[in-house]
Amino acid sequence: MSFTNEVKAELAALPIGGRALLMAESYGMVLPCVDSTGTHIRLQTESADAAKRLAMLCEGLCGAPVELSMLGGGYLAEVERGEGAVQRVLQVLDIPTGVPALRLGRALLEDADCVTAFLRGLFLSAGTASDPEKGYRLELVLRQHRLTDDLEVLLQELQLPPARTTRRLAQVLYYKSASRVEEILRSLGAARSADRLAQVRGRRAITNEINRQQNSSIANIKRMAQANALQNAALQSLQESGVLDTLPKELQQVAQARLANPEATLRELSGLLPGLSRSTVDRRLRRLVELAQARMEETQ
């Protein structure tokens, strides 16, 4: 089962609540399913639970029968057109027919619980959620441009501003922040799905931190190896030219320790040179490298 279907199964199993919540959730599910003429209410979905939820809502709303059938690899839920069932649903929900473009009405969104129920219905009808193992993305896919405009405004008012794009003929409102997707799923009532996303997110954060530390360690090892190679080459140059023997004793001491231990870390070198700190050893090695480079420039 896809993650989207898992989320929808969880949402479809929630109790509907009172009449106001029934109206609000029905409004969210039906709006994306109304055709331009207002004569069809049709949901094509991969979720059997969403299809059954639409049937249950329409039955509870006004006794409107919904025909359920298989379509390809998915399901089709369609309000039966006989005996004015479609018109009853639209009338109860105050969805106008024969208008150029559907708009979002606010009459059924009278409080926060009703808004949540509306968004739950909207997700059941038009939403998708990516498998958190593959990424974080939640979408609402709608055909009606003006309805999408109104929904975008509503989400902004709820402090949930979505990104927006067009995909073929559809308008898509989406979120791709893991924290935002988790927040929305939890607010809709899909706590189990939100918990799964949070677990994946936490595991991925740990993995990313381990990788960051490993990459940092590898980078540090590479930098240390490069620094050691530079120091050893510089010291060998000073030694072969006889310059090393003319330098102050404290520089000769550090140089001999490095030449004898070409792969040692600065901390290990300081341990071999009693009384010298790591920073002192580093400073003297830098001075030796500078002297070798200066000599090379003079002889070129």
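Reader: At what angle do the axes of helix α5 and helix α6 cross, and how is that angle to be read?

Author: Axes are lines fitted to C-alpha atoms, for helices over the stretch in contact, with angles running from 0 to 180 degrees between N-to-C directions. In this predicted model, the axes of α5 (residues 112-126) and α6 (residues 145-157) come within 13 Å and cross at roughly 135°. That makes α5 oblique to α6, given that angles under 35 degrees count as roughly parallel, over 145 as roughly antiparallel, 65 to 115 as roughly perpendicular and the rest as oblique. Helices here are DSSP runs of H or I with at least four residues, strands are runs of E with at least two, and both are numbered from the N terminus.

Reader: Is the crossing of α5 and α6 left-handed or right-handed, and which residues make the contact?

Author: A crossing is left-handed if the near helix is turned anticlockwise from the far one by less than a right angle, and right-handed if clockwise. The crossing of α5 and α6 is left-handed. Contact means heavy atoms within 4.5 Å; F118, L119 and L122 of α5 make it with L151, L154 and L155 of α6. By class, this contact has six nonpolar, no polar and no charged residues. Ala, Val, Leu, Ile, Met, Phe, Trp, Tyr, Cys and Pro count as nonpolar, Asp, Glu, Lys and Arg as charged, and the others, Gly among them, as polar.

Reader: How do α3 and α4 pack?

Author: Helix α3 (residues 48-62) and helix α4 (residues 85-92) pack at an angle of about 75°, with their axes 10 Å apart. The two helices are therefore roughly perpendicular to each other. In α3, C58, L61 and C62 meet R88, V89 and V92 of α4. This contact divides into five nonpolar, no polar and one charged residue.

Reader: How many cavities of 30 Å³ or more are counted, and what lines the largest cavity?

Author: On a 1 Å grid over the protein atoms alone, a cavity is a set of points where a 1.4 Å probe fits but cannot get out, and a pocket is an open set with protein on both sides within 12 Å along at least five of seven lines; lining residues have an atom within 4 Å of a point. Grid points are joined across faces, edges and corners, and a volume is the space filled by probe spheres set on the points. The count comes to one cavity of 30 Å³ or more, and the largest cavity has a volume of about 100 Å³. Its lining includes L119, F123 and L155. The largest share, three residues, comes from α7. The lining divides into nine nonpolar, one polar and no charged residues.

Reader: What is the volume of the largest pocket, and which residues lie nearest its centre?

Author: The largest pocket has a volume of about 810 Å³. It is lined by 30 residues, of which Q44, S125, A126, V141 and R143 lie nearest its centre. Strand β1 supplies the largest share, four residues. By class, the lining has ten nonpolar, twelve polar and eight charged residues.

Notes: Residues numbered from 1 in each chain as written. Predicted model: local features only at pLDDT ≥ 70, side-chain atom pairs only at ≥ 80, totals over all residues. Heavy atoms only, no water.
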